[in-house]
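Reader: I have the model open and would like to go through it with you piece by piece. Could you put it up so that we are both looking at the same thing?

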Amino acid sequence: MNCEFDHELLSMYADGALNRELLSHVETHISKCEVCRRAVEDIRVIGKALGSLPREAASSELIERIIAETERTTRRTAWDSMKCTISAVWTVGMNGFKIEDDRERLLRRELPVWVARWVLFV
Amino acid sequence: MDQSPHRKFREFVSAHADQIYNHAFRMLRNREDAEEAVQDIFMKVHRGIAAFRGQSEIRTWLYRITVNTCLTRLRKRVPELVHPDGEEPDTWNKWDAIGNDDHNPEDLLIEKDIKDFVINAIELISSEEKEILLLFHVDELKYEEIAKVLDVPIGTVCARIYRARKKLRAAMGTLQKELTR
């Protein structure tokens, strides 16, 4: 025997996910329809079986491994940031000097000595 | 270095590890894979946790990472799998068709056997269907939370739960027929 009633509504009803209006609509129907009442019961039985599946717990070794790995990552990240900062300061410093050197070389080559000396000292 | 964030994260892991491990184990059906997945999940959480404030947001975010990590691992694994009857993945369509059978509520299974049927039948439905049923029935997330985890409207969650359950019920019927043959 079949019933054309919306089975998605029955599924939501069994899960307690209907608003008041729809709840009353479904309750009125299942109070008269044996097929849908049994369908709801079927959904609940399956849900209960799924909900009672044995729970697996994480081992304490796994938890310690996760903590150790995250702490290692944090230390590595801090060290990487420090390395990055040192590297940036070093690069800017060296390039700064390099620019100064190039500028000095250019000035010495292109300009009269007295002008170059004046510019460099200023 | 400030020890407080480490202590907080340790508390967070201890509070959620069992749920997440249970979900990963049910999805991946293998302890080693589940442990790797859980480690991967918490490393992702560790990288992004600073952006989160509210507890409820953290829970849905944690499950979103869990769902994505498990499904990604399963997708990578699929080409290596052979179905229980030895078929290649290309010919699995008949398993996909399982959910198209309309079950008769009069075939209600005996409750004492139902848990065994559920454990076996849930392996016959798709990973996405299994995922949504676990989120609702095992992890006890509400429809609204599942919608946030999967980033879909609530209506889609209702429809997917309904379809997943229908396929699970049909798979249970198939197993029952196999046993009584």
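Reader: How far does helix H3 of chain A reach from its first C-alpha to its last?

Author: H3(A), residues 34-51, has 18 residues and reaches 25 Å, close to the 26 Å expected at 1.5 Å a residue; the expected span is 1.5 Å times one less than the number of residues. Helices here are DSSP runs of H or I with at least four residues, strands are runs of E with at least two, and both are numbered from the N terminus. This is a predicted model, in which local features need pLDDT of at least 70 and side-chain atom pairs count only at pLDDT 80 or more, while totals for chains, interfaces and linings use all residues. Residues are numbered from 1 along each chain as its sequence is written, and chains are lettered from A and ligands numbered from 1 in the order in which they are written.

Reader: Which residues of H3(A) are buried?

Author: The buried ones are Cys36(A), Ala39(A), Asp42(A), Ile43(A), Ile46(A), Ala49(A) and Leu50(A). They sit on the same side of H3(A), because they cover an arc of only 140 degrees around the axis, the arc being that of the directions from the helix axis to the C-beta atoms. A residue is buried if 20 or more other C-beta atoms lie within 10 Å of its own, exposed if 12 or fewer, and partly exposed in between, with C-beta atoms placed from the backbone.

Reader: And how many residues does the contact take from chain A and from chain B?

Author: It takes 31 residues from chain A and 34 from chain B, where two residues are in contact if their C-beta atoms, placed from the backbone, lie within 7 Å. On the chain A side, the elements that give two or more residues are helix H1 (7-14), H3 and helix H4 (60-110), and H3(A) has the largest share, with eleven residues. By class, that side has 16 nonpolar, seven polar and eight charged residues; Ala, Val, Leu, Ile, Met, Phe, Trp, Tyr, Cys and Pro count as nonpolar, Asp, Glu, Lys and Arg as charged, and the others, Gly among them, as polar.

Reader: Back up a level: how many helices and strands are there in chain A?

Author: Chain A has five helices and zero strands, and 13% of its 122 residues count as buried. Chain B has eight helices and zero strands, and buried residues make up 35% of its 181 residues.

Reader: Which domains is chain B divided into?

Author: Domain 1 covers 1-81 and domain 2 covers 85-181, with bounds that come from an automatic or database domain assignment. In chain B, 13 residues of domain 1 are in contact with 13 residues of domain 2. On the domain 1 side, helix H1 (4-28) and helix H3 (55-77) of chain B are the elements that give two or more residues, and H3(B) gives the most, with six. That side divides into eight nonpolar, three polar and two charged residues.

Reader: Which residues touch the most other members in the largest nonpolar core?

Author: Of its 57 residues, those are Ala24(B), Val38(B), Val118(B) and Leu168(B). A nonpolar core is a set of buried Ala, Val, Leu, Ile, Met, Phe, Trp, Tyr and Cys residues joined through C-beta atoms within 7 Å. Helix H8 of chain B, residues 154-180, has the largest share of this core, nine residues. Leaving aside neighbours within four places in sequence, Leu168(B) is in contact with Ile46(A), Ala121(B), Ile122(B), Ile125(B) and Leu133(B).

Reader: Is Glu35(B) buried or exposed?

Author: Glu35(B) counts as buried because it has 20 C-beta neighbours inside 10 Å, and its place is in helix H2 of chain B. Other buried residues of H2(B) include Val38(B), Ile41(B) and Phe42(B).
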